[in-house]
There are 2 protein chains.
Amino acid sequence: MKLLITVRYVGTRYCGYQVQPNGPTVQAALCAAAEALFGFPCDIVGCSRTDSGVHAECFCATISRRGEDYLPTNVPVERIPRALCRHLPEDIAVWGAKWVPPSFHARYDVLEKVYTYRIWNRHERDPFLADRAWHYPCPISDAQFSAMRDAAQRYVGEHDFAAFMAQGSSVTSTVRTVTAASVERQGDLILFRVAANGFLYNMVRIMAGTLIAVAEGKIAPDEIDDILCSRDRNRAGITAPACGLCLSQVVYSPEFCI
Amino acid sequence: MKLLITVRYVGTRYCGYQVQPNGPTVQAALCAAAEALFGFPCDIVGCSRTDSGVHAECFCATISRRGEDYLPTNVPVERIPRALCRHLPEDIAVWGAKWVPPSFHARYDVLEKVYTYRIWNRHERDPFLADRAWHYPCPISDAQFSAMRDAAQRYVGEHDFAAFMAQGSSVTSTVRTVTAASVERQGDLILFRVAANGFLYNMVRIMAGTLIAVAEGKIAPDEIDDILCSRDRNRAGITAPACGLCLSQVVYSPEFCI
């Protein structure tokens, strides 16, 4: 059996999730913690590759002995989260753990992921959200906000999201199914939540940047449909900053949920 | 006229509010920003001296030209917050500014201050609250929580709070009036809010540590009355960590409120 864990992290200090030579990554921190706890090198497979500065409220990853599809350990599964936490820095924590079959794959078996994009919409910056939200200082009126909501609804459904993918990415298909999208105000904070069976590179950040273009009147809500059809990245809005993005939920088949 | 400003800061990186030789302080950052904006050295007088690691949602301070009780400037008052923000680090922001008479004193004219103490009460640590709440991992039951509420009510009123003051402090009087105290749950977070006409050194942190001693059954809620009467610091609970403390509100006479 492999171990499936849920991980919560503040991405600010990291060069993204995935191991890379030029800076600290969440995967490298998890690898080091797993090796310290279990006493041998481990493979960590994550549910997605979050970018530098992106956060996660609930990231999922599997741990197995390096090169194997199982994890030999006598540590009771309910004690593993806290035991791993002892070997992790303050900005990463493991909240849950569960045994899953060797065939389980943390990325390929994802049914749905939910991202939250946070926009701090007030003239003054908020030091408590400095690395946790996009500061968009111009006040968004109720009419502008309602246009954003309308636009967000147009993301829902099975579409070719090529216009909402960073240029230069290569994937076999750019078709994804967005199952839900909402925009909500919580005081001066605007929360854009989007659920899909998969996301293209920078897709949520481009969707968020496009919603701001809608608020600014540069894109009409019903133009979203045309932009989707056009498959033209240049017609969508800017790529909103990484700091506003957070992976909020990862859905697997019920038997794998922690 | 002096300028009264409201300041919001994450205290983690600072050796407290007040200027000191051995590390960065909020006051020093405000001094530097004021000098950069106005073009001459300034005096910054704060509403209180928060400790190292303590946060503020709404700190108040006055700015005047060094050695004077006025601030000569042509910058319109409504533009000053954003202008100061440009000279401040990401973890400090100025949210408001108002002219006040030369006789106004940011500390002596305070009528009431409100502090919030945050306790993260879940086995797992929360990376998003690492420096913003006290991690108390043992689950607090409803009965224990209700004892904490009962105890908190006993802080309300005019009392001698000597038992809730760090040893070695010197003040003329240890009598303060607590006007309100509440304990509330928000999911896994416990918020202790307390309002008073003034606070002794470490008073809120000792009050919070004492509430946890009540949850643990080490102190009965009605013992709070005896502890107050005893004036004995050793009878109260521990000094809870600085990171959980936040200055939430500062009240002046209505004419000085921003």
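**Entry 1. Ground rules.** I worked on a predicted model, where local features need pLDDT of at least 70, side-chain atom pairs count only at pLDDT 80 or more, and totals for chains, interfaces and linings use all residues. Residues are numbered from 1 along each chain as its sequence is written, chains are lettered from A and ligands numbered from 1 in the order in which they are written, and side-chain values use heavy atoms, with hydrogens and water left out.

**Entry 2. Helices 3 and 4, chain A.** I took helices (H or I, at least four residues) and strands (E, at least two) as DSSP runs, numbered from the N terminus. I looked up how helix 3 (residues 142–153) of chain A sits against helix 4 (residues 203–215) of chain A, and found an angle of about 140° with the axes 8 Å apart. The axes are lines fitted to C-alpha atoms, for helices over the stretch in contact, and angles run from 0 to 180 degrees between N-to-C directions. Helix 3 of chain A and helix 4 of chain A are therefore oblique to each other; angles under 35 degrees count as roughly parallel, over 145 as roughly antiparallel, 65 to 115 as roughly perpendicular and the rest as oblique. I noted a right-handed crossing for helix 3 of chain A and helix 4 of chain A. A crossing is right-handed if the near helix is turned clockwise from the far one by less than a right angle, and left-handed if anticlockwise.

I then listed the contacts (heavy atoms within 4.5 Å). On helix 3 of chain A they involve A:Q144, A:A147, A:M148, A:A151 and A:A152, and on helix 4 of chain A they involve A:L211, A:I212, A:V214 and A:A215. I sorted the residues of this contact between helix 3 of chain A and helix 4 of chain A into eight nonpolar, one polar and no charged. For the classes, Ala, Val, Leu, Ile, Met, Phe, Trp, Tyr, Cys and Pro count as nonpolar, Asp, Glu, Lys and Arg as charged, and the others, Gly among them, as polar.

**Entry 3. Helices 3 and 4, chain B.** The crossing of helix 3 of chain B and helix 4 of chain B is right-handed. B:Q144, B:A147, B:M148, B:A151 and B:A152 of helix 3 of chain B make the contact with B:L211, B:I212, B:V214 and B:A215 of helix 4 of chain B.

**Entry 4. Aromatic pairs.** I searched the whole structure and got 24 aromatic pairs over all chains. Rings of Phe, Tyr and Trp (its six-membered ring) pair if their centres lie within 6.5 Å; planes under 30 degrees apart count as stacked, over 60 as edge-to-face and the rest as tilted. A:F38 and A:F40 have ring centres 6.3 Å apart and planes at 25°, so the pair is stacked. A:F38 is buried at 11% relative accessibility; buried means under 20% relative accessible area, exposed over 50%, partly exposed in between (1.4 Å probe, protein chains only). A:F40 is buried at 12%.

I next checked A:F104 and A:F256, whose ring centres are 4.7 Å apart with planes at 65°, so the pair is edge-to-face. A:F104 lies in the loop between strand 4 (92–100) and strand 5 (112–120) of chain A and A:F256 in the segment after strand 10 (245–251) of chain A, so the pair ties together parts 152 residues apart in sequence. A:F104 is buried at 1% relative accessible area, and A:F256 is buried at 14%. I also noted a cluster in which ring pairs link A:Y155, A:F161, A:F164 and A:F192.

**Entry 5. A:W134.** I placed A:W134 in strand 6 (residues 134–135) of chain A. A:W134 is buried at 12% relative accessibility. Beyond four places in sequence, its contacts include A:Y117, A:W120, A:I212 and A:C243.

**Entry 6. Positive phi.** Most residues other than glycine have a negative phi. I found B:N202, not a glycine, with a positive phi of about 70°. B:N202 lies in the loop between strand 9 (189–196) and helix 4 (203–215) of chain B and is buried at 14%. Not counting residues up to four places away in sequence, B:N202 touches B:D51, B:F164, B:A166 and B:T239. B:R231 has a positive phi near 55°. B:R231 is in the loop between helix 5 (223–230) and strand 10 (245–251) of chain B and is partly exposed at 45%.
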